[in-house]
Structures are given as C-alpha cells and as structure tokens.
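User: I'd like to learn how to read the inside of a protein model. Where do we begin?

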Amino acid sequence: MRASGVLLPISSLPSKYGIGCFSREAYEFVDFLISAGQKYWQILPLGPTSYGDSPYQSFSTFAGNPYFIDLEVLIKDGLLTKEEVESVDWGGHESYVDFEKIYESRSKILRKAYERYDLEQDEEYGIFVRENGFWLEDYCLYMAIKDEQGGTSWNQWPQELRNRHPAALQECREKLEDAISFYRFRQYLFKKQWNWLKNYANQNGVKIIGDIPIYVAFDSADTWANPLLFQFDENNEPVAVAGCPPDGFSADGQLWGNPLYSWEYHRSTEYSWWLQRLSYSLSMYDVVRIDHFRGFDEYYSIPYGDETARYGHWEKGPGVELFHLLKEKMGDVALIAEDLGMISDSVRQLVRDTGFPGMKVLQFAFDNTENSDYLPHNIDRNCVIYTGTHDNDTVKGWYETANEHDLWQARQYMNNEDHDMETSIWDMIRLAMSSVANLAVVPMQDYLCLGSEARMNTPSTLGDNWKWRLARNQISHEVIEKMRLLVRIYRR
C-alpha cells in the first residue's frame with residue numbers, strides 16, 4: 001500500500017526543557033501527522049548518547065535515552081515541583097539543543113524524582129525489571145562502574161573489572177547498589193513513557209519507523225558484557241575496527257572505530273544475540289531501519305590502532321543466512337535496508353534476497369552519471385524514497401550548494417528552471433511523493449523549506465551536529481494543507 005511519512009528525531013521536538021522528549025508536544029506532533037495525512041513517523045535511534053551526542057554511538061543497543069523522559073509527568077505525579085524544574089538552565093535557544101547543559105542538569109533533576117519514588121510498591125516496575133533483565137542488569141552495572149571510574153571507557157578499568165571477574169562484579173553490585181537502582185529507574189521511566197507515546201500513535205493510525213546502527217559503540221555495555229561477540233584478542237582489545245575505504249570524497253576513508261563482529265561465533269550460536277536485538281527493536285518500533293546494511297554482505301576491516309582507513313580490506317559478512325533464520329523464528333518482519341553509498345552487485349542481491357525495501361535519496365539522483373539508480377524512473381516499488389536523510393543537507397541547502405551540472409539536471413528533470421526556491425523545494429517533495437516507491441519519507445525541515453542551519457548531521461564532523469529543533473508553532477496550516485493535498489493526489 002502506498003503511504004508517506006515524516007522524518008523527525010525525538011530530540012528535535014519542541015519542549016519546555018531544552019530537548020525534545022515524550023511530552024505533550026510529541027503527542028501534538030502525532031496529531032499533526034494525522035491532520036497532514038501521514039501514516040509514518042521516522043525517528044533516529046533512541047539510545048543514551050555519549051561523547052559527540054550522536055544517537056549512532058550509544059552506551060547500549062537496548063537502553064533508552066533518559067533525556068527523553070517527560071518531566072511534566074513527574075511534576076504531575078508529585079515527584080518534582082515546577083519550581084525545581086524551571087530553576088534549571090536548559091539552554092537559551094529554542095531551535096537548538098545545548099547538550100552540555102542537558103548533560104549537566106537532566107541526571108540531577110531525575111535523581112530528585114528517584115529519591116521520592118517508592119519502587120518497591122510499583123508492580124509495573126518489578127515486571128519491567130524481570131522482562132528486561134537480559135540487558136538491563138549489565139547496562140546498569142556498566143554505567144555505575146563507569147561513573148565510579150570517572151567516565152573512562154571499560155578497556156581502561158582495572159583488569160578485574162575490565163575482564164568481568166565474578167568476585168569484583170559482585171563487590172561492585174553491593175557497593176554501587178543505589179547507583180545501579182537509579183539507572184534502572186531511568187530506564188523504567190523511559191520505557192513506560194515511550195510505550196504511551198507509541199500506543200497513542202498506533203491507535204491513531206501512525207506507525208513508528210525506528211533506526212538501529214549495524215555496529216555498537218566500543219564504549220558500551222554491549223561490548224563489555226559480551227566480548228565473544230566481537231573481534232577481540234585475549235586482552236579484550238579489538239583486532240580490527242569498522243569504517244569505509246578511501247573514495248573521491250575522502251583520501252583517507254572513514255575510520256569509525258566500532259568493533260567488528262565475530263561472525264563465526266554468531267553463526268555458532270545461531271545468531272542468538274542478533275535475533276534478540278532485532279526482536280527487541282521490533283517490539284519498540286513498528287518498522288526498523290538498519291543502518292549500513294551492506295555490512296551484512298561485506299564489511300570493511302581496518303587494523304586496530306591505524307590512524308586512517310587507508311589500509312583496511314573487505315571481509316565477508318553473514319549474508320542472507322541471518323535473515324532466513326530471522327524469518328524462520330519471527331515470520332515476516334518489517335525492516336528497511338539502508339543500502340546507500342557505493343553498493344556492489346552482491347549487496348544489491350542480498351537486499352533482493354531478503355525482500356526488504358532499500359532506500360533511494362533524491363539528492364543523490366542528479367549526479368554526474370546522469371542515469372543514477374536514485375532517479376524515480378529507475379526505482380522499483382519495494383523501496384523507501386527520501387528527499388534527504390539525517391546525513392544530508394536540507395533540500396534548500398542542497399540547492400544552494402550543488403554544482404551547476406547537478407542543478408541543471410535537477411531543474412530539467414523536474415521542469416522547474418524558472419521557479420523560486422520554495423517552489424523548487426516543493427517540486428523535490430512532489431517528485432518523491434509521485435514516485436512508484438511504496439513509501440515516501442520527507443524530513444520535517446524540507447516541508448518547512450529550511451536551509452543548512454537546520455541540517456541534522458554532517459558526517460565525519462564533530463561539535464555542531466544533532467542539535468536542530470522544531471520551534472513551537474513553526475508548522476503552519478498552509479504546510480498541513482499542502483502535505484494533505486499531495487497525499488490525496490498521489491494516493492498515499
């Protein structure tokens with residue numbers, strides 16, 4: 001069935017306290033999607049963020065970001081006072097997140113709520129702890145130890161903690177019991193409030209597209225608790241790490257630094273960790289987008305310690321075997337394969353073999369090849385088409401910075417040579433909506449015709465990413481009407 005949706009991270013929602021969260025404004029955004037005829041809301045990963053604030057580098061692939069907990073609910077429940085929350089400096093700009101101030105303040109204010117909450121009397125809390133024990137206990141212990149160790153990565157901890165000696169871990173569980181309990185409490189609030197929001201969306205005909213990176217961060221509970229899953233040596237140091245090879249954009253390639261999977265070990269366990277991860281993700285979201293899907297076919301392996309990606313090489317991944325097993329265990333699952341970039345024939349075949357829809361991005365369609373796979377006349381129905389993603393500039397920013405050849409081709413293709421900027425942006429949106437793709441997703445920034453100041457992420461840069469926020473009342477009735485008209489015209 002043809003449908004359309006909007007890409008907007010939770011952090012980009014408007015709210016009173018510095019960052020988008022599961023507050024009233026999130027429910028109002030669902031109401032907006034309904035009024036605009038949209039059936040999907042795509043978000044970015046929801047995990048707790050670390051240095052650099054990227055949702056793609058998280059302390060846990062299962063845990064949620066406590067920044068998203070709605071403080072208004074805690075005020076209503078008597079766990080916080082309005083004065084306490086409003087006395088905090090959450091940052092002074094409505095359109096950008098000040099992550100440093102959020103980091104300094106959010107944990108302190110949630111600590112007050114924790115100290116006033118009677119966990120022992122909450123049956124739902126007990127159920128949450130039991131049902132999520134398979135990841136929750138390792139995560140909470142990891143974070144409590146990390147705090148005690150001054151925030152350092154686990155490979156810098158004392159050997160008995162780094163290598164998880166049972167006696168040392170038990171001593172930490174006893175010594176850090178309160179800190180561990182506080183981490184559990186935050187995860188409980190996150191999950192409860194997220195379930196409320198997702199249920200509200202689903203009950204009103206809106207499905208959530210979640211997002212998981214293929215790799216986990218090295219500095220994470222996942223690697224510390226499960227070293228056998230990764231290509232580590234006998235000292236639990238990586239043998240090789242992930243990245244991308246040199247290309248026309250980067251002579252040194254991209255050195256991501258994520259640990260690589262020991263696929264041989266995963267195969268010996270019938271991919272139990274991956275099945276657990278995907279099952280959990282599919283319980284959190286209606287559809288799951290897997291970032292860097294090509295890594296299941298081949299992955300780029302860079303020797304650990306190298307300062308660039310120049311001397312890496314390609315290794316074979318698990319291929320379709322993992323997804324056949326997933327289908328056998330869980331039936332048909334709703335996944336999106338992020339298959340962007342330099343894609344080989346074997347990657348294309350893997351996407352076809354899984355049956356998952358791939359991705360097409362219109363900003364990539366008008367390049368020097370003049371017959372790009374992303375041009376609408378070259379795509380098939382089983383895909384998701386985007387004007388751009390979180391890693392792209394906005395459409396306006398693209399128009400303002402693209403080279404003359406790409407601009408000429410785009411304007412000729414859309415027959416908009418004499419159009420003004422706003423009309424040109426809507427022409428790009430119309431091109432996505434009119435395509436044969438089963439699903440069209442447009443970032444909120446493009447519907448608002450915003451420029452590069454609203455870009456979410458510039459890959460391989462640090463310091464100015466993941467910050468943009470939607471301002472209160474920024475979506476006009478005119479925008480809603482135009483969105484609804486396109487849905488009606490193109491039967492989405």
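Analyst: Start with burial. A residue counts as buried when its relative accessible area is under 20%. Keep in mind that this is a predicted model.

User: Is Q445 buried or exposed?

Analyst: Q445 is buried, because its relative accessible area is 6%, and the cut-off is under 20%. Q445 lies in helix α18, residues 444-447.

User: Which residues does Q445 touch?

Analyst: Leave out residues up to four places away in sequence. Q445 then touches L7, T394, L450, A454, M456 and W468. For A454 there is also a distance to read: its backbone oxygen lies 3.0 Å from a polar atom of the Q445 side chain.

User: Now the nonpolar core. How many residues has the largest one?

Analyst: The largest nonpolar core has 164 residues. I10, F29, W41, W194, W274, F296 and Y447 have the most contacts inside it. Helix α9, residues 177-203, gives the most to this core, with ten residues.

User: Take F29. What does F29 touch?

Analyst: With residues up to four places away in sequence not counted, F29 touches V6, L8, L13, W41, M444, L470 and I475. One of these, W41, is also among the residues with the most contacts inside the core.

User: And strands? Which way do the residues of β10 point?

Analyst: Read the two faces separately. In β10, residues 358-361, G358 and K360 point one way. M359 and V361 point the other way. All four are buried.

User: What joins β10 to β11?

Analyst: Four bridges do, and the two strands run parallel. M359 has V384 of β11 as its bridge partner.

Note on methods: Residues numbered from 1 in each chain as written. Predicted model: local features only at pLDDT ≥ 70, side-chain atom pairs only at ≥ 80, totals over all residues. Heavy atoms only, no water. Core = buried A, V, L, I, M, F, W, Y, C linked by side-chain atoms within 4.5 Å. Buried < 20%, exposed > 50% of the residue type's maximum accessible area, 1.4 Å probe, protein only. Contact = heavy atoms within 4.5 Å. Pairing = 2+ DSSP bridges. Polar contact = N/O pair within 3.5 Å; in protein donor to acceptor, adjacent residues only side chain to side chain.
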